[in-house]
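Here is a friendly walk through one protein chain, from the overall fold down to single residues. Keep the structure open beside the text as you read.

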Amino acid sequence: MVKIDKSKVNIPAILGVEGKGGVATKELIELYENGKRDFKTTDFSSKIYGDKTVKALLLGIQHGKCCFCEQKRPCGREGDVEHFRPKTGFQIDNSNVLVKPGYYWLAYDFDNLFYACKVCNQEYKKNFFPLADETKRAYSHHNDLRLEECLIVHPEFDNPEDHIEFVAEIAKPKNNSLKGKTTIELAGLNDNRLADERLKYLKPLLILAPFAREGNQESQEHFKEIGKKEHLFSLMVRCNFPDLV
Ligand SMILES: [Zn+2]
């Protein structure tokens with residue numbers, strides 16, 4: 001994971017107050033005020049939050065990478081526009097049931113949307129949203145989200161590098177960060193297939209590193225480049241070669 005900066009772009013028109021997303025949010029809030037709690041996937045329109053303008057903007061900001069695993073469109077498959085705070089309901093962990101409603105009022109909120117690959121989004125993160133203190137949870141649009149301290153690293157408002165580091169290809173919580181530990185588990189950052197991909201990427205770099213350290217300019221330039229946030233597995237590269245990036 002790397003920090004994602006949305007501050008330099010405008011919210012896509014479709015998600016604006018006057019756009020379809022803004023109108024749909026008002027309708028969802030009205031449904032809640034009329035007593036609805038059992039929101040279902042069908043109450044939300046993927047045509048709005050997953051609109052091509054939203055996806056293209058997120059892909060641009062995220063350099064084409066999944067917000068969790070830092071892979072670029074794995075297996076050539078399209079990824080999802082993922083809701084950081086789940087829209088229909090949330091789950092604290094595997095031993096707890098899905099609680100409804102979820103964060104229905106954030107279904108079309110740009111700050112809540114990220115591009116994620118299908119494996120990270122559908123096999124791992126799903127509806128998980130544990131908090132450090134459950135009494136601070138925002139159960140409706142009336143509550144203050146800022147009181148919540150989520151135990152999953154927020155790709156925009158947290159700095160993932162404060163919570164997660166890599167030892168070789170394996171993700172570890174940094175300085176015993178609970179947030180890092182929970183994120184690694186719930187986002188599947190040490191999924192075997194993913195760790196294998198990282199190892200494949202890491203091996204030739206381990207061979208190249210001594211050349212860079214001995215002063216080979218081409219190797220040095222290569223490390224400087226691939227350590228940048230826009231590249232594949234960049235946090236792993238920075239953690240493994242802090243002297244070369
Ligand atoms: Zn992913």
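## Overall fold

The protein chain in this predicted model has a secondary structure of 8 helices and 4 strands. Reading from the N terminus, the order of elements is α-α-α-β-β-α-β-β-α-α-α-α. The radius of gyration of the protein chain is 19 Å, close to the 18 Å that the globule rule gives for 245 residues, so the chain is as compact as a globular protein of that length.

Along its principal axes, the C-alpha trace of the protein chain spans about 70 × 35 × 30 Å. Of the 245 residues, 36% count as buried. As for contacts with a separation of 6 or more, 66% of them in the protein chain are between residues 24 or more positions apart.

In soluble globular proteins, nonpolar side chains tend to be buried together. Here the largest nonpolar core has 51 residues, and those with the most contacts inside it are Cys66, Cys67, Phe68, Phe114, Ala116, Cys120 and Ile152. The elements that give two or more residues to this core are α2 (46–49), α3 (52–61), β2 (113–116), α4 (118–125), α5 (178–186) and α8 (234–240).

Which residues is Ile152 in contact with, leaving aside its neighbours within four places in sequence? They are Phe128, Phe129, Thr182, Thr183, Leu186 and Ala187.

Helix α1 covers residues 20–33, and at 1.5 Å a residue its 14 residues should span 20 Å; the end C-alpha atoms are 20 Å apart, which agrees. Which residues of α1 are buried? They are Gly21, Thr25 and Leu28. An α-helix has 3.6 residues a turn, so residues three or four places apart point the same way.

Helix α2 is included in what covers the buried residues of α1. On the face of α1 turned away from its buried side, you will find the exposed residues Lys26, Glu27, Glu30 and Glu33. After α1 comes Gly35, with a positive phi near 105 degrees.

## Helix α4

Now move on to α4, whose buried residues are Val119, Cys120, Asn121 and Lys125. What do the buried residues of α4 pack against? Their packing partners are β1, β2 and α5. Just after α4, Lys126 takes a positive phi of about 40 degrees.

## The β3–β4 hairpin

Strand β3 (residues 164–167) and strand β4 (residues 170–173) run antiparallel and are joined by 4 bridges. One of the residues to look for is Ile164, whose bridge partner in β4 is Pro173. β3 and β4 form a hairpin with 2 residues between them.

Ala168 lies in the loop between β3 and β4, and its phi is near 55 degrees, a positive value in a residue other than glycine. With 14 other C-beta atoms within 10 Å, Ala168 is partly exposed.

## Other backbone details

Most residues other than glycine have a negative phi, and most peptide bonds are trans. Against that background, a few more places deserve a look. Asn175 is not a glycine, yet it has a positive phi of about 50 degrees. This residue, Asn175, is found in the loop between β4 and α5. Is Asn175 buried or exposed? Asn175 is exposed, with 8 other C-beta atoms within 10 Å.

The peptide bond that joins Lys100 and Pro101 is cis, with omega about -5 degrees. Pro101 is found in the loop between β1 (80–83) and β2.

## Around Leu208

The last stop is Leu208, in helix α6 (residues 192–213). Leu208 is partly exposed, with 18 other C-beta atoms within 10 Å. Not counting residues up to four places away in sequence, Leu208 touches Ser219 and His222. Leu208 and Ser219 are 11 residues apart along the chain, and their C-alpha atoms are separated by 6.7 Å.

Methods. Residues numbered from 1 in each chain as written. Predicted model: local features only at pLDDT ≥ 70, side-chain atom pairs only at ≥ 80, totals over all residues. Rg over C-alpha atoms; globule rule 2.2 N^0.38 Å. Buried ≥ 20, exposed ≤ 12 C-beta atoms within 10 Å, placed from the backbone. Contact = placed C-beta atoms within 7 Å. Pairing = 2+ DSSP bridges. Core = buried A, V, L, I, M, F, W, Y, C linked by C-beta atoms within 7 Å. Expected span 1.5 Å × (residues − 1).
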